[in-house]
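Visitor: I would like to learn how features of a protein model are read, one at a time. Could you take me through the one shown here?

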Amino acid sequence: MATTAAKRSKKLGDLSVDEFLTSGFDSDLEDDLIEDTPNSGGDEKKMLPSELGSKNKSGGNLITVERKTKKGHASEHKDQLSRLKERDPEFYKFLEENDKTLLNFDDSDSSDEEKNHHVLPEKLEEATDDEDEEEEEEEKTAKRKKMDFITVSLKMVEHWKEVAEKKLSPKTFHEITQAFKACVVTAKGEAARPDSGKFKVTDSTVFNTLVSFCVRDLFVLLQKMLQVKPAKNKSKIVLPSSSPLWGKLRLDIKMHLGCTIQLLSCLTQTSVTTAVLQHISAIVPYYLSFPKQCRVLLKQTIRLWSTGDEVVRVLAFLVLNKICRYKQEAYLPSVLKQMYISYVKNSRFTSPNALPLINFMQRTLIEMYVLDHSVSYQQAFVYIRQLAIHLRGAMSVKKKENYQSVYNWQY
C-alpha cells in the first residue's frame, strides 16, 4: 500500500511504463472530478475508479457514486477557481488583472438556477397553410420587384448620344448596349423577361432613334475608344481584340453582335434591313473575333442572299465575301456548300420574275468559287458526280421519276 501511495504521489509525467500500468490510472484530475460519497457512519471517503471496480467484482453489487449535495453552478465555479489558484497562481493572477468578471460572481446557490433554463416543448408547432400562402406571396412580390424594368425615353437616348459623342466610356457603352437589347426584344414581339436586361422600349420613336444610332454611329465611336490601328496590308485585317480595352468591353460587344443578328432575322422593312447589313459589313472584324456569332451571322446572311430584295441580296453577298476572304480556311468550305444548296433550291422553278434572281446567284456564286480553286474543285467534283448518278439512273431504269430527275432546271 505504501508503494501504491508513493506511486500516486508522483506526477503522471514522472511515472515509468510499469508504474503507469499498475497505478490504476489515478491522478489529481480524477480526485477533482469524483465527488465525496457519504458512508454509513457519516464519514466521507473518496471512491476512486480502481476501488469502485474492485468492490464491484468482489461484492457483486453495483456501487453507485452519489453526490453529497446538489451543488449550484456558482459553487462549482468557485471550487474550480480555488484549485486553479493553488496549481497555477500565475494564470490566476492574469485572470485577476484582465478578466475580473470571471472571478467576481454571485456565489449564492439556488436550485432555481437550473429551473431558469429554457426547456423545449414536447411538440413543436407546425406552420399553417395561411403562413405558407403568405411566404409564397412574398416570394412572388420579390420576383415582381426584380422584373421592374426602366422604360427608355427619348431624353435618355439623347443623353447617351451626347455623352458618347464627347467621349465614349465602357459604362456608357454598356448602358446603350442594354437598351439596344431591349429594342431587339420589342422587334421580336416578345415580352420583357429577366434575361432581357434592365430596360424596355415601348415607344416607336425611341426605338427608331436608338437603333439608328447603334447601327450608324456607335461603332465608329467605339473604334476610336479602342484605338485599333488599321492593317498596313489591305489583304489582312487587324482584329479589335488586340486593344488593351478589349477585356472591359468584350461581353458588351458580344451582346451587341448577337442582338444585331436577331434584329436582322425579324426585320421586314427593306430600308432597315439595308441599314443593318451596312452596319454588319463595317464591323466584320468584330464578328471574326467571335467564331460562334460569326457562324450564326453567315447562316442568316445566306438566307437573305437567296430570298431578300435586290439591294438586300447584294449587301448580304458583300458580307459573305468579306468574311470568307479574311477567314477562308475557317468558313469558305461550309459557306460554298450552303450557298450552292440555296442556289439549287431557288432554281427548281423558273419564271420571268425568278430568272433575274437565278442569274444573280450564278454570278455571285462564281465569285465565291474563285476565292479558292482547290476547295471549289472538291465541291464541284462531288456535285458533278451526283449529276452522273442521276443520269445513269435515268438511262438504266426508264421510269418517269428517273426522267424527271434529269429533265428539270435544277439538273
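Visitor: Where does Ser82 lie?

Guide: In this predicted model, Ser82 belongs to helix H5, which covers residues 73-87.

Visitor: Is Val185 buried or exposed?

Guide: Val185 is in helix H11, residues 170-187, and it is buried, its relative accessible area being 10%. A distance in space can again be set beside a separation in sequence: Val185 and Ser196 are 11 residues apart along the chain, and their C-alpha atoms are 7.2 Å apart.

Visitor: How many helices and strands does the chain have, and what share of its residues counts as buried?

Guide: The chain has 22 helices and four strands, and 31% of its 411 residues count as buried. Where contacts with a sequence separation of 6 or more are considered, 64% of them join residues 24 or more positions apart.

Visitor: How is a pair of packed helices described, and at what angle do H13 and H14 pack?

Guide: The general idea is that two packed helices are described by the angle between their axes and by the distance between those axes. In this structure, helix H13 (residues 218-226) and helix H14 (residues 246-266) pack at about 165°, and their axes are 12 Å apart. An angle over 145 degrees counts as roughly antiparallel, and H13 and H14 are therefore roughly antiparallel to each other. Their crossing is left-handed.

Visitor: Which residues of H13 and H14 meet?

Guide: From H13 come Leu218, Phe219, Leu222, Met225 and Leu226, and from H14 come Trp246, Leu249, Ile253 and His256. Sorted by class, the contact of H13 with H14 holds eight nonpolar residues and one polar residue, with no charged ones.

Visitor: How near do the axes of H17 and H18 come, and at what angle do they cross?

Guide: The axes of helix H17 (residues 291-307) and helix H18 (residues 310-326) come within 8 Å and cross at roughly 145°, and this crossing is left-handed. On the H17 side the contact is made by Cys294, Leu297, Leu298, Thr301, Ile302, Leu304, Trp305, Ser306 and Thr307, and on the H18 side by Val312, Arg313, Ala316, Phe317, Val319, Leu320 and Ile323. By class, these residues of the contact of H17 with H18 divide into 12 nonpolar, three polar and one charged.

Visitor: With which residues is Ser342 in contact?

Guide: Ser342 lies in helix H19, residues 328-346, and it is buried, having a relative accessible area of 15%. Apart from neighbours within four places in sequence, Ser342 is in contact with Ile302, Trp305, Ser306 and Met361. Ile302, Trp305 and Ser306 are among the H17 residues that make the contact with H18.

Visitor: Which residues does Val375 touch?

Guide: Val375, in helix H21 (residues 373-396), is buried with a relative accessible area of 14%. Not counting residues up to four places away in sequence, Val375 touches Pro333 and Leu336. The C-alpha atoms of Val375 and Leu332 are separated by 8.1 Å, while the two residues are 43 apart along the chain.

Conventions
Residues are numbered from 1 along each chain as its sequence is written. This is a predicted model: local features need pLDDT of at least 70, side-chain atom pairs count only at pLDDT 80 or more; totals for chains, interfaces and linings use all residues. Side-chain values use heavy atoms; hydrogens and water are left out. Axes are lines fitted to C-alpha atoms, for helices over the stretch in contact, and angles run from 0 to 180 degrees between N-to-C directions. Helices (H or I, at least four residues) and strands (E, at least two) are DSSP runs, numbered from the N terminus. Angles under 35 degrees count as roughly parallel, over 145 as roughly antiparallel, 65 to 115 as roughly perpendicular and the rest as oblique. A crossing is left-handed if the near helix is turned anticlockwise from the far one by less than a right angle, and right-handed if clockwise. Contact means heavy atoms within 4.5 Å. Ala, Val, Leu, Ile, Met, Phe, Trp, Tyr, Cys and Pro count as nonpolar, Asp, Glu, Lys and Arg as charged, and the others, Gly among them, as polar. Buried means under 20% relative accessible area, exposed over 50%, partly exposed in between (1.4 Å probe, protein chains only).
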